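Reader: Could you take me through one part of this model up close? I'd like a single helix and its surroundings.

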Amino acid sequence: MASSSFPPLLPKIDAILVLDGDGNRLAGKYYGDFMKAASSSSPENGASSGAAAVDSSSADNATAAQSVEQLRASFERQLQSKIGGIAARPDAAEVVTVLGKTAVFCGGSAPNQGGGGGGAGDVRVVHVGPSGESELVLAHLVEGMYDALGQLMGGATDRNMILDNLELVFLLIDEHCDGGVILETDGHKLSSSVLLRDEQEGRMGEMGMEG
């Protein structure tokens, strides 16, 4: 039987975030219902019609989208208040609890490391999972993705490098996790898959231009 890079009983992830040293989200995805605002629309006033109803629906959608982003920004600020100033080794993830969720992360620069302020130091890769989830399993997941990120960035996991290669970062998230379900955890396999997919999409783009 072939060996697998998966630990037993992989969890579903609520969010994957790539944050700079100041806690700003450079890339990331939220999954399922985590940090989603409840709809503010009400079925009661069904008498309104036509353009008024459409305008109201559009306004409600815009408000809901804004509320979701506000919820996420608030969560990320609270997360940063817990992890700011902590540097976690690539092979030794750190764990904090935020709003009842378990957040496990790798990367970052401690203040005495002189990471170059303003978010210029090493970025942090964060996996957010349910409070009852195994910290060891979550650590295994985030360490695998951080390893792959380091390989893709040539070891320079700083803010500018991430921003210059956001397409690869989002491809990495997609290769690592789909809808909150983990697909792969091995850093080498992840980085190889991302580079292969990037190359394939580049060829398809060239063929489209030629056509």
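Which residues of α2 are buried?

Author: Quick housekeeping: this is a predicted model, where local features need pLDDT of at least 70, side-chain atom pairs count only at pLDDT 80 or more, and totals for chains, interfaces and linings use all residues. Residues are numbered from 1 along each chain as its sequence is written, and side-chain values use heavy atoms, leaving out hydrogens and water.

Now, your list: Val 137, Leu 138, Ala 139, Leu 141, Val 142, Gly 144, Met 145, Tyr 146, Ala 148, Leu 149, Gly 150 and Leu 152. Buried means under 20% relative accessible area with a 1.4 Å probe, protein chains only. Helices here are DSSP runs of H or I, at least four residues, numbered from the N terminus.

Just past the helix, Gly 154 has a positive phi of about 70 degrees.

What does α2 pack on? One partner is α4 (residues 166-176), at an angle of about 145 degrees with the axes 11 Å apart; axes are lines fitted to C-alpha atoms over the stretch in contact, and angles run from 0 to 180 degrees between N-to-C directions. On the α2 side, Leu 141, Met 145, Ala 148, Leu 149 and Leu 152 make the contact (heavy atoms within 4.5 Å).

Ala 148 and Leu 152 also touch Ser 191, as does Gln 151. Ser 191 sits in helix α5 (residues 187-210) and counts as buried because its relative accessibility is 4%.

How values were computed
Helices (H or I, at least four residues) and strands (E, at least two) are DSSP runs, numbered from the N terminus. Buried means under 20% relative accessible area, exposed over 50%, partly exposed in between (1.4 Å probe, protein chains only). Lists of a residue's contacts leave out its neighbours within four places in sequence.
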